[in-house]
Amino acid sequence: RRVLELGAGTGLVAISLALEGAHVVATDGNPRVLEGARRNVDGAGQLAGEVALEVFDWNSAEDLARMREAGPWDAIVGSDLVYPGNAGR
């Protein structure tokens with residue numbers, strides 16, 4: 001299964017999905033967050049699937065086109081996507 005994750009954060013969801021064999025593109029708008037997610041993915045050990053980490057700014061037409069072209073997706077997942085500080089963007 002091909003999964004697009006919005007708001008990767010620590011990478012826990014992507015790692016869990018990849019342990020079950022999913023091929024996950026885990027995205028976040030913050031490159032520094034993805035640095036931590038990369039450390040967690042690298043430390044997760046053997047994965048049945050794979051995790052790719054990419055910066056994705058929902059306000060960027062280029063990023064939206066890139067994610068659309070990377071599809072189709074079997075599933076799109078996300079949690080805690082809107083919070084004080086980004087809700088007005």
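Of the 14 residues in the largest nonpolar core of this predicted model, those that touch the most other members are Ala14, Val24, Ala26, Val41, Leu47, Val51 and Leu53. H1, S2, H2 and S3 each give two or more residues to this core. In soluble globular proteins, nonpolar side chains tend to be buried together.

**Sheet**

- The sheet is open and consists of 4 strands in the order S3-S2-S1-S4, with parallel pairing.
- S3 and S4 (75-78) are the edge strands, and each pairs on one side only.
- From one strand to the next, the twist averages 20 degrees.
- S1 and S2 run parallel and are joined by 5 bridges.
- Val3 has Val24, in S2, as its bridge partner; Val24 is also among the core residues that touch the most other members.

**Helices on the sheet**

- H2 packs on the sheet and touches S2 and S3. The direction of H2 makes about 165 degrees with that of S3.
- H3 (residues 61-70) lies across S1, S2 and S3. Its direction runs at about 160 degrees to S3.

**Helix H1**

- H1 spans residues 12-19, and its buried residues are Ala14, Ile15 and Ala18.
- These residues cover an arc of only 100 degrees around the axis, which puts them on the same side of H1.
- An α-helix has 3.6 residues a turn, so residues three or four places apart point the same way.
- The buried residues of H1 pack against S1 (2-6), S2 (23-28), H2 (31-42) and S3 (50-55).
- Gly21 follows H1 and has a positive phi, near 105 degrees.

**Gly11**

- Gly11 is placed in the loop between S1 and H1.
- Gly11 counts as buried because its relative accessibility is 0%, and the cut-off for buried is under 20%.
- Gly11 and Leu34 are 23 residues apart along the chain, and their C-alpha atoms are separated by 8.0 Å.

**Ala26**

- Ala26 is one of the core residues that touch the most other members.
- Apart from neighbours within four places in sequence, Ala26 is in contact with Glu5, Ala8, Ala14, Leu34, Val51, Ala52, Leu53 and Glu54.
- Among these contacts of Ala26 are Ala14, Val51 and Leu53, which are also listed with the core residues that touch the most other members.
- Leu34, another contact of Ala26, is the residue whose C-alpha atom is 8.0 Å from that of Gly11.

Definitions and conventions. Residues numbered from 1 in each chain as written. Predicted model: local features only at pLDDT ≥ 70, side-chain atom pairs only at ≥ 80, totals over all residues. Heavy atoms only, no water. Buried < 20%, exposed > 50% of the residue type's maximum accessible area, 1.4 Å probe, protein only. Arc of directions from axis to C-beta. Contact = heavy atoms within 4.5 Å. Core = buried A, V, L, I, M, F, W, Y, C linked by side-chain atoms within 4.5 Å. Pairing = 2+ DSSP bridges. Axes fitted to C-alpha atoms, helices over the stretch in contact; angles between N-to-C directions.
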